[in-house]
Amino acid sequence: MWQQLWTFLFFGALGIFALMSLWVTIGGYRDIKTLLQRLKDDTSEEE
Amino acid sequence: MEEAFSQAVSQTQFGTLDWIIVALYLSISVFIGFGVKKYVRNMSTYLGAGRAVGTCLGIATMTGTEMGLITVMYNAQKGFTGGFAAFHIALAAGIVTFFVGLSGFFVCRLRDMKVLTIPEFYEKRFDRKTRILGGIMLALGGILNMGLFLKVGSMFIVGITGMSAESQALPWVMTLLLLLVLVYTVLGGMISVIITDYVQFVVLSFGILVTTYICIQKLGWPHIMDTLEATRGDSSFNPLDEGSGFGWSYVAWMAMLGLVSCAIWPTAVARALAMESTQAVKRQYMWSSASFMIRFLIPCFWGICAFVYFSEQAPELGTLFIPTEGGVETANNLYAMPIFLGRILPAGLVGLITAAMIAAFMSTHDSYLLCWSSVITQDILAPMMGRTLSTKARIQLTRLFIVLIGLYILYWGLIYEGSDDIWDYMNVTGAVYFTGAFSLLLGGLYWRRASSTGAFLALLSGLTALLGLDPIQRMVGLKVIDPETGEVTRQIMTGDQVGLLTVAASLAIFVIASLLFPDKQPKSIPTTS
């Protein structure tokens, strides 16, 4: 029972992680551009 | 044994091409630190990246921070010694993180309050003295917790590159890595941390997927399972089995740590507080649950593969690392996984995975250094000094503490000689902070009658978690070791049992003291928008 559980968990998580990595790599690049643009526009000096 | 160890380490595939890949990666990280310095205008951008981080970047940075080289090393150690049974740590972490994302437990309410740190929440919900004590406990637990990061990370570099043949390699690697991290963290604050985390995510996710594929291809999944079954039996699969080295209390402790590492540990919470909305926080946690699971699962699997490889294909390493009953002393098993990777990965790829691991090392260090130093500045010094600290002075102080903490971890890495597994060392030291913090967050966010006296005493009770640390257990007699054989002859309580008891004690103290000493003017409980 434990062997099947760990096999399922391992390959399931690996598959999800592979898909998520692709999505985050592309989306993260877009987010960095937005973040830097926002920080560039922000002119406040103090809290 | 030293000669056999040097011989084993020197047979790595790591070559010139790999050094070039590593050097290229390190240069990019430092370049980012310089590049983003111009965006640092105030404390909000230095510590929280202006609260403008999108979902994908949030997932990347959370994964980058939480999947550090230290994580990879201690999980590989758990896999090497505990087999597949250690996978329960990953399962607990994944389930709990997903639940936090689904419910927004703790993190959404904190995000709504727009606090920069958890102690800041203590002041908003309780009072200033609770914030200062919370900051001290957090800094104490957190800095002790990262005390071995540098040493263990450097052990990976030494093991995979084969540097150990040269004397004094470890301290030099430690110093060099520390200097690089200090440069770009001091310069760019959270912005450079987040961007380097993203670069790390890309390199690391590609590296670990390819490495895992090679491990399975070389050893074969059914063969790995069969070898574990044959050598260690059911205890290498069942974490509840007596011989697994885990048991019920350990599994329960891991579930608690799953919650802590995603919803209470300040470096993870800092990512939630930097998100653009509570909806983004929820998405970030639900998706990151896969990363939280993977960060335990993959390194643990590499540790298992190292065990199988040493048992069957490299008997000289088996003799060196796998203990036998009444056998000779073995080498430090933290080196097992890097030596294994150094043997099976081809040139070029071994450089890439080393760069990925250095990336993991640096992204964890930068976040932790920034986190603890900002806690000392924002939550201990600034509240004590009132409004006299300008933004510029705060940034400068934070930078100074980054450097001081860096020097401390260099010193601690060289002198600490406890025999705990690294994961267990980190849990105990972290518990100094999180056992109290758990009570304060739970009570402060969800219980109207929580009082500042209860909060103050609950925080102090976290100190009892230190009784779980190996040198302290031996000092107070909780653990007795036979000086001749080095075997444990008596242990009254294990580290995980001390941890669970500390959580229970902290909650009990918090509730009783809050009921006995209520606040004269109770503050309102924040609600999620």
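## Helix H9 of chain B

In this predicted model, helix H9(B) is mostly covered, with 13 of its 18 residues buried. The helix takes in residues 128-145 of chain B. From the first C-alpha to the last it reaches 25 Å, close to the 26 Å expected at 1.5 Å a residue.

## Chain A and its helix

Chain A has 47 residues, of which 26% are buried. Its secondary structure consists of one helix and zero strands. Helix H1 of chain A covers residues 2-41.

## Where chain A meets chain B

Two packed helices are described by the angle between their axes and the distance between the axes. For helix H1 of chain A and helix H15 of chain B (residues 278-312), the axes come within 9 Å and cross at roughly 125 degrees.

On the side of H1(A), the residues in contact are A:Phe10, A:Ala13, A:Ile16, A:Phe17 and A:Met20. They meet B:Trp287, B:Ala290, B:Ser291, B:Met293, B:Ile294, B:Leu297 and B:Phe301 in H15(B). By class, this contact of H1(A) with H15(B) has eleven nonpolar residues, one polar residue and no charged ones.

## A helix pair within chain B

Helix H21 (residues 452-461) and helix H23 (residues 495-516), both of chain B, pack with their axes 7 Å apart and at an angle of about 160 degrees. Angles over 145 degrees count as roughly antiparallel, so that description applies to H21(B) and H23(B). H21(B) passes H23(B) in a right-handed crossing.

H21(B) contributes B:Thr453, B:Gly454, B:Ala455, B:Leu457, B:Ala458 and B:Ser461 to the contact. From H23(B) come B:Thr502, B:Ala505, B:Ser506, B:Ile509, B:Phe510, B:Val511, B:Ala513 and B:Ser514. The residues of this contact of H21(B) with H23(B) divide into eight nonpolar and six polar, with no charged residue.

## Thr231 of chain B

B:Thr231 lies in helix H12 of chain B, which covers residues 221-232.

B:Thr231 and B:Val308 are 77 residues apart in sequence. In space, their C-alpha atoms are 9.4 Å apart.

Conventions:
Residues numbered from 1 in each chain as written. Chains lettered and ligands numbered in written order. Predicted model: local features only at pLDDT ≥ 70, side-chain atom pairs only at ≥ 80, totals over all residues. Axes fitted to C-alpha atoms, helices over the stretch in contact; angles between N-to-C directions. Helix = DSSP H or I, 4+ residues; strand = E, 2+ residues; numbered from the N terminus. Contact = placed C-beta atoms within 7 Å. Nonpolar A, V, L, I, M, F, W, Y, C, P; charged D, E, K, R; others polar. Expected span 1.5 Å × (residues − 1). Buried ≥ 20, exposed ≤ 12 C-beta atoms within 10 Å, placed from the backbone. Parallel < 35°, antiparallel > 145°, perpendicular 65-115°, else oblique. Left-handed = near helix turned anticlockwise from the far one by under 90°.
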